[in-house]
Structures are given as structure tokens and as C-alpha cells.
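Dear colleague,

I am passing on a structure for you to look at, and below it I have set out what was found. Please open it first and keep it beside you while you read.

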Amino acid sequence: MSPSTPTDDEDIAYRVAALPLEYGETRINQLFTRGYDRYVVDGEDQPDDLVNDVERFGTAAFKEQVRADVAEEPFVDEPRTLAVLATLSAICVKEQPKFEHASPRNIQVLYDIRELYVNNLASLIRAHADGSLQQDIADVLYSKEPGEDGPHPGRVCTGITEIPEFGDGLYLEIPMAAASRKCLVRAEGESSTGSDGGEILTRVNDNKLYVPVGDFDSKYRDYAERAFKKLLRVQEDGLSDDQLSWLTTNESAITERIDRFLETGHHERIWRNWDRGERTIRVLRRALSDAPDDVAQKGEFHTAKELYRAVEAYEAEDEWESSVTDWISSPSSLAKTLADHESHSAVTIDRDGRVNTYRIGRAGSGAEQIEVREIEEIFELPCMANMEERLHEKKPVRKDLYNFARMVMWLPQYQDSSLDEIVADLKDVFARWPWYDEQETEYQVRYEFSNTIDGDTPLPMNCDNDDLQRYCIGQDQCPYSIWGSLPFPDEMYEQVEEESAGPAEQF
Amino acid sequence: MTWRQATREEIYAYYAEEFPRYLDYLPEFITATGPKQYAIAFRESHPVRKDEVPDKDFIRRDTWQTDASGDRTTPEFDDFEDVVEFIRHPARNDPLGRNKFALADPEVLEKPDPRPDAVYYALDHWERPWVLLVDIDAKEIARDRADEMVSANGDDRDDDALLDAAGILDAAPDGYPYAFEDVDRAIEYGFEVRDIFEDDFDAEETMVVYSGQGVHVYLLDTDPAHRYDEQSREVLNDLLLETYDIPIDPVVTADRRRVARLPYSLHADVCSIVQPIESPAFDARSATPEVIDE
């Protein structure tokens with residue numbers, strides 16, 4: 001009889017899904033095969049069902065409440081399916097052209113997918129009730145490095161049990177001969193004379209350690225995060241180019257959701273650890289918008305104390321905002337942060353008075369403002385007027401198109417528009433030039449919009465750009481400036497100094 | 001009762017006359033060939049045969065010669081008598097013989113016969129698992145006590161100044177960095193640890209040894225459930241220190257290379273016989289050998 005595999009044995013499938021770091025690629029691929037088998041009905045593949053489920057999983061991962069709820073109630077009911085859907089969702093994200101140059105460790109949406117996977121897996125394992133799987137997992141989580149006496153013979157975890165004299169809750173039972181410091185669980189947030197922090201919660205009885213089961217849960221979450229990385233790698237290695245392009249061609253919901261985040265300026269939904277100065281300034285802007293006019297206003301000079309009052313009163317909406325309001329701990333820390341980011345186009349510091357005052361607003365260029373209701377009004381800028389004239393004579397170079405498309409895309413009236421609307425309006429403008437070809441222009445414009453720089457939506461060119469110099473009448477001659485005169489939204493300025501500096505975590 | 005350093009003559013007399021009487025009482029695992037090493041500390045450094053090698057105040061000697069893969073080949077001591085001879089006249093009976101790292105030939109020296117200030121055996125063992133020993137030192141207890149008494153007002157004096165300020169240096173035994181009450185407290189802790197071993201760690205074979213300035217507590221069971229490797233011993237240390245609040249020296253328990261004072265050897269700095277004890281009521285002042293003049 002041939003040995004059982006995850007493809008034909010549910011218990012083994014559970015074990016491989018729970019502990020993929022302990023298995024090789026063959027076993028993991030067998031787990032995936034078992035997962036894909038669910039999308040075969042009467043011998044027929046059901047690719048639409050698979051794509052629907054991948055989209056459902058991927059888009060659900062972007063919802064914080066769903067991710068949290070899954071820790072209690074599984075979203076996907078079997079580990080084999082979970083492994084397939086989570087990895088394919090992540091691949092759909094990684095394959096997006098906008099992430100082509102971005103490091104996966106900076107892409108927030110991948111973390112969201114992983115969190116949904118980890119929470120889902122944890123609740124599946126809890127529901128898989130006889131305890132032997134948990135014991136298998138504990139053997140892995142608490143095993144010690146082999147010492148001079150060789151590996152510990154026998155099980156590391158000899159039971160999961162209640163010990164009434166230790167109070168409520170389950171304990172993992174680990175013989176002293178198998179013990180290592182991994183088994184010493186400590187209370188968090190207490191000071192103690194112990195080298196590693198809080199009081200030891202692990203108990204001793206009968207020559208065995210009793211480890212509170214809560215520690216198992218948190219250790220397993222860490223494990224599952226690393227496990228996801230391995231599953232993803234094996235899935236990526238296992239997909240052929242045809243399968244990959246079939247997947248990305250047929251998936252649209254995840255892509256659309258990400259596009260919408262970008263279009264509506266929700267950078268925090270897309271990127272991790274985006275620039276601290278940017279985040280501070282964005283929160284300040286929001287706090288100023290929320291503050292009553294007699295407290296503080298955007299675009300006016302205020303003391304650090306007044307700005308701090310507005311921040312204090314601001315109710316942070318999400319985690320990244322809270323982290324910003326937390327680190328602004330006093331008027332002086334706010335003043336220091338603003339001084340550190342004085343070069344930001346939105347920050348102006350007036351040091352002439354008795355106390356410094358700060359203005360949070362748009363870059364104070366003093367340039368003449370242009371109201372843009374129609375795209376044509378951009379040609380009020382002398383450089384753009386020069387370009388317009390030249391395009392009657394010659395076909396555009398790519399930089400010209402790029403510049404034009406980006407400038408339009410950042411205009412406030414197009415922030416919430418679909419790409420189709422933007423493309424349609426741009427075609428109307430381009431139709432004035434003799435070289436216009438509808439198909440070609442449509443393709444080129446769409447291409448520009450799909451392009452990103454390290455995942456960020458590219459900024460429109462500013463007056464210092466070399467390619468614009470061809471059309472520039474000279475900055476000292478010009479009453480306008482591109483960034484100062486056009487009504488770009490805050491998000492554009494917030495992205496100006498954005499730098500990516502992510503943690504060392506990787507997918 | 002004497003609490004002073006033993007003289008060379010007293011040390012010699014102890015190992016010649018009194019020590020052999022205790023050999024029948026040595027714990028069974030301490031044989032000529034069981035512990036992987038014996039070791040001797042000297043009061044004054046003694047030269048070795050090779051000129052360029054510095055004088056030694058501490059020597060370790062393997063009980064077996066080993067082959068390239070570390071397996072035993074030839075024993076260095078035929079029986080415990082040989083070990084006793086080595087303890088009494090280390091230079092004359094050095095197992096290293098004429099090896100260049102052996103103690104120098106007594107025939108050519110002005111001070112030919114170094115005496116052991118202390119005698120040790122290795123906890124790592126050929127015939128049983130690594131011996132588990134917990135060390136509780138009166139010096140540590142005294143320092144903690146001084147810390148509590150004096151440092152509350154926030155100064156950070158050095159150890160001696162601290163002990164002096166706490167009155168510990170002046171208390172009997174005079175001039176030692178602990179008082180008799182600290183030795184007594186160490187002995188009490190030792191029996192607490194023995195009870196913990198028996199009650200919570202299911203130990204059947206335990207031993208508390210008065211070490212001269214504190215105690216050693218042994219957990220001697222050799223069944224698989226008690227074969228604690230280094231990592232398990234680290235856990236034991238953390239539990240004893242934190243959960244049970246016992247002031248042990250954690251380094252000793254988890255270090256396989258450690259040597260321990262040989263039971264019934266003489267702690268020459270305090271004229272005390274190192275010995276297994278049965279009760280926390282043991283009076284350290286009763287451990288002076290007969291050969292020592294009060």
C-alpha cells in the first residue's frame with residue numbers, strides 16, 4: 001500500500017496545511033492539488049468558480065472587520081482551499097503592474113491577505129477538535145535545538161489539559177527533559193527582576209512544565225505568518241506562465257479594489273510605513289479640517305500649541321492615524337516634527353515673531369492660480385501652451401504624453417472618475433492634433449495610467465523637470481508654476497516627499 | 001571551631017589521616033573512573049615541566065585517556081587510592097607523568113610538594129548522565145542582604161564598602177564577606193531546593209552538601225525523565241530564581257564543564273570539611289576537621 005498523501009488523506013492535508021514549514025515542496029503541492037480538486041465537478045474544471053472564490057477572498061482581506069471576525073469563525077472552511085485561495089490572491093496582487101517595482105514587504109494589501117489567512121487557519125485548527133493536531137503543532141513550536149545529548153526522545157508536548165489547581169484554562173504539558181526557555185511564558189507589561197520581563201506564568205508539577213495555551217496561539221500565529229511565505233513561494237514556483245496570465249487576465253475584483261484605494265488617495269491601505277513626515281502632515285491637515293474655525297485653520301499660521309490642541313481633539317480613524325497622534329505627545333514634539341519636515345512643500349515656519357508659528361497648507365509658491373474646469377484650461381500655463389502649439393506640428397514624444405496624462409489624472413475633478421472617463425476626456429483633447437489616432441491614443445493613455453514608480457502613482461512633472469525645459473519660458477519670467485498654480489489635491493503634495501522605508505519582513 | 005585559612009601542614013595532615021576515613025561515605029557515582037576529571041586548586045602557583053608555560057594554580061586531569069573520537073581507552077587512576085595519592089602529592093603523582101604540561105619534577109624544586117587548597121571532581125561523567133547540581137553561596141546571600149539594608153538610599157558603593165556598611169564584615173566569622181547567619185540561610189535554602197526537587201520535580205535521589213561557604217543541592221535521578229540537558233537546566237534555573245525565589249548561581253547548573261568540590265575534601269580557606277548534610281539545623285561551625293588546632 002502506498003503511503004498516504006495530503007491529496008488523498010484529510011488528516012495529512014490538515015497537518016501539511018498547519019505545519020508547511022516541516023514539509024517539502026512535494027507535500028505542499030499535493031495539498032494544493034487537493035485544494036484545486038474542489039474546483040473539479042464530474043471531471044470538469046470549474047475555473048470561474050475558482051476565480052470567483054479568489055476574488056472573494058482577496059477583496060474580503062481588505063476589510064478589517066472580516067479579518068478580525070475570521071479569528072472566531074472561518075471564512076474558508078478547509079485548509080486545502082484556504083491555502084489555494086490565499087496564495088492565488090496574493091499572486092494577483094503581486095502581479096499588478098503598479099507593484100512591478102515595489103518590494104512586497106512594502107505592500108500593505110499583501111499583509112491583509114496574510115492576516116486573513118492566518119486568522120482563518122487558526123480558527124480551522126481550533127475547530128479540528130480532537131487535539132492531536134494541536135499536539136503535533138506544539139511539538140514543533142516548543143521543540144528545542146538538539147544539544148550535546150542529541151535530540152529529546154519522545155514527544156515534546158505530552159498532553160493538552162486542564163489543571164484545576166492552576167486555575168482556569170488549558171495548559172500544554174511538556175516534560176522537563178524536553179523543556180527549553182521557549183516554554184517559559186511570561187506576563188506582559190510588568191516589570192520584574194527576571195531577565196526577560198514579566199512574571200513566569202508557566203507552572204511546574206510532576207516533573208513537567210505546564211504552558212498556558214494562550215502562548216501556543218501567539219507562537220502559532222508567528223509560525224503561520226512564516227508558513228504563508230513558504231506556501232506562496234511554492235505556489236508561485238508551481239504556476240506556469242500560462243496559468244499565471246490566465247489568472248491575472250480573469251481576475252478583476254482585487255485589481256479594481258486596489259485601483260480605487262489609489263484613486264481615492266488611501267495610500268495607507270496600499271503601502272506600509274509610508275513616510276512619517278507625510279503621515280504627520282496628513283493627520284495635521286485632517287485635524288485642522290475637523291477643528292472649529294476659531295481654533296485653527298488650514299493655510300493660516302498657528303502656534304505649535306494651537307496646532308497641538310487641534311490634534312488632541314482629532315479622533316483618529318484608523319491605526320496609522322492613531323500611531324501619528326500617539327507620537328505627537330506635546331506642542332514641543334509637534335514643533336520638532338514640523339521643524340524636521342520644514343522642507344515639505346506644505347509646511348511653512350515663521351520664525352520672525354516671539355514664538356514660532358506654523359502654516360499647514362499647500363506649498364506657498366505665490367504663483368498665480370489657475371482654475372481648471374476643462375482640461376483645455378491647462379494650456380493657460382505658458383509651457384503647456386508651447387507644447388500645445390508644437391503638437392500641431394509634430395507627434396508627441398512619450399514624455400509629453402506622460403506629463404499631460406499625469407497632470408490631468410491629478411486634477412480634483414478626475415480623482416473619483418473611472419479610468420474610462422479620463423481616457424474619453426483626454427481623447428477629446430488629443431483629437432485636436434493632426435496625428436491623432438483613436439486606438440493608439442487610447443492604448444498610450446491607458447499604458448501611462450498603468451505605470452507606477454515603485455508602486456506610487458507618479459507625480460505630474462514640476463517646473464524643474466528637464467523634459468519641460470524645452471517648453472519653459474523661464475521660471476523667473478513666468479507668473480505661474482505647475483505645482484503652485486494648478487488645483488492639485490492634498491494627496492499629490494503629500495506624495496511629494498514620500499519615501500519608502502519598510503521593515504525587514506518579507507513575503 | 002576554627003574559621004581561618006588552614007596551614008600547609010594541616011592540609012597535609014587532613015588528607016593523610018582524616019580524609020581516608022571518609023572514603024566509604026563518598027557518593028557512589030564518585031569513583032576513580034566515573035567523573036571525567038579531577039581538579040586541584042593550589043594556594044600558590046606551581047611550575048610545570050615546560051619552561052615557557054606559566055605556573056599553574058589550578059589543574060584539571062582527565063580520568064581516562066581518549067582516542068581521536070573521544071572514546072575512553074586507558075584509565076588514569078586504577079582505583080580511588082590513586083586519586084587520593086594524587087590529591088596528597090599532586091606533583092609526584094600527576095597522571096600527566098613526564099608530559100611537558102605536567103607539574104614540575106619535585107626533585108628539582110625548592111618547594112616540591114604543592115598542597116591542595118581545594119579538590120574538585122567533574123560533574124560530567126562517564127558512567128551516568130551529567131550530574132545536576134545547584135549552587136547556593138553565602139557570599140551572594142550576604143551581598144543581597146547588604147544591598148537591601150544599605151542601597152535603599154541609592155548609593156552605589158562597591159561590594160566591600162557595602163558589606164562593611166551593613167556590618168557584615170565585622171560580624172563573625174571575622175573578615176569573611178558573609179556572616180554565619182548567611183551560611184545558615186544558604187543551608188535553609190538548600191533544603192528548600194531539595195524539597196522542590198522532590199515535590200515538584202519528582203526526584204527520588206537528592207543530596208544537600210555543605211560546601212564550606214554555602215551548599216550544593218544535587219538531583220541525582222538518572223532515569224530518562226530526569227536527563228536534563230543544558231536547555232532544561234536553564235529552565236530549572238529560571239524557575240528556581242524567579243518562581244521559587246531561591247538565590248542560586250545559575251551558571252553552575254547549566255555548565256557541563258563545571259567541577260564541584262569533592263565531598264569530604266577540605267575547604268582550606270575556612271578549615272571546613274565539605275560534606276553531605278541531613279538537616280537545615282546543621283551547624284557549619286561543627287565541620288572543622290579533627291586535625292585542625294583550634
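How many salt bridges does the rule find across the interface of chain B and chain A? Before the answer, please bear in mind that this is a predicted model. Across that interface the rule finds four salt bridges, and one of them is formed by the side chains of Asp238(B) and Arg181(A), at 2.7 Å from N to O. On the side of chain B that touches chain A, the element that gives the most is helix 6 of chain B (residues 230–243), with nine residues. By class, that side of chain B is made up of eight nonpolar, four polar and eight charged residues. There are also 13 residue pairs in polar contact across the interface of chain B and chain A, counting pairs with both residues at pLDDT 80 or more.

As for the extent of this interface, 24 residues of chain A and 20 residues of chain B take part in the contact. Between them, chain B and chain A bury about 1800 Å², with 48% of this area on carbon and sulfur atoms. Within chain B, the residues that lose the most area to chain A are Gln231(B), Val235(B) and Glu242(B), which together account for 28% of what that side buries.

Turning to the sheets, chain A has an open sheet of three strands in the order 7-9-8, with antiparallel pairing. Strand 7 and strand 8 of chain A stand at its edges and have a single partner strand each, so one side of each is left without a neighbour in the sheet. Neighbouring strands of this sheet are turned against each other by 35° on average, if direction is ignored. Helix 13 of chain A (residues 304–313) packs on the sheet, where it touches strand 7 and strand 9 of chain A, and the direction of this helix makes about 85° with that of strand 7 of chain A.

The pairing in this sheet can be followed residue by residue. Strand 7 (residues 301–303) and strand 9 (residues 357–360) of chain A run antiparallel and are joined by three bridges, with Thr303(A) opposite Thr357(A). Strand 8 (residues 347–350) of chain A pairs with strand 9 of chain A over four bridges, again in the antiparallel sense. Here Asp350(A) stands opposite Thr357(A), while Thr348(A) stands opposite Arg359(A). A hairpin of six residues leads from strand 8 to strand 9 of chain A.

Another open sheet in chain A has four strands in the order 3-4-6-5, also with antiparallel pairing. Its edges are strand 3 (159–162) and strand 5 (203–205) of chain A, and since each has a single partner strand, one side of each is left without a neighbour in the sheet. The twist from one strand to the next averages 35°. Strand 5 of chain A runs antiparallel to strand 6 (residues 208–212) of chain A and is joined to it by three bridges, and Arg203(A) stands opposite Tyr210(A) in strand 6. Helix 8 (residues 213–238) of chain A lies across strand 4 (170–175) and strand 6 of chain A, at about 65° to strand 6.

Finally, the count of salt bridges over all chains comes to 47. Among them is the pair Glu440(A) and Lys395(A), whose closest N and O atoms are 3.9 Å apart. Glu440(A) lies in helix 19 (residues 438–450) of chain A and Lys395(A) in the loop between helix 16 (382–393) and helix 17 (398–409) of chain A, so the pair ties together parts that are 45 residues apart in sequence.

With best wishes

How values were computed. Residues numbered from 1 in each chain as written. Chains lettered and ligands numbered in written order. Predicted model: local features only at pLDDT ≥ 70, side-chain atom pairs only at ≥ 80, totals over all residues. Heavy atoms only, no water. Pairing = 2+ DSSP bridges. Helix = DSSP H or I, 4+ residues; strand = E, 2+ residues; numbered from the N terminus. Contact = heavy atoms within 4.5 Å. Buried area = accessible area lost by both parts, 1.4 Å probe. Polar contact = N/O pair within 3.5 Å; in protein donor to acceptor, adjacent residues only side chain to side chain. Nonpolar A, V, L, I, M, F, W, Y, C, P; charged D, E, K, R; others polar. Axes fitted to C-alpha atoms, helices over the stretch in contact; angles between N-to-C directions.
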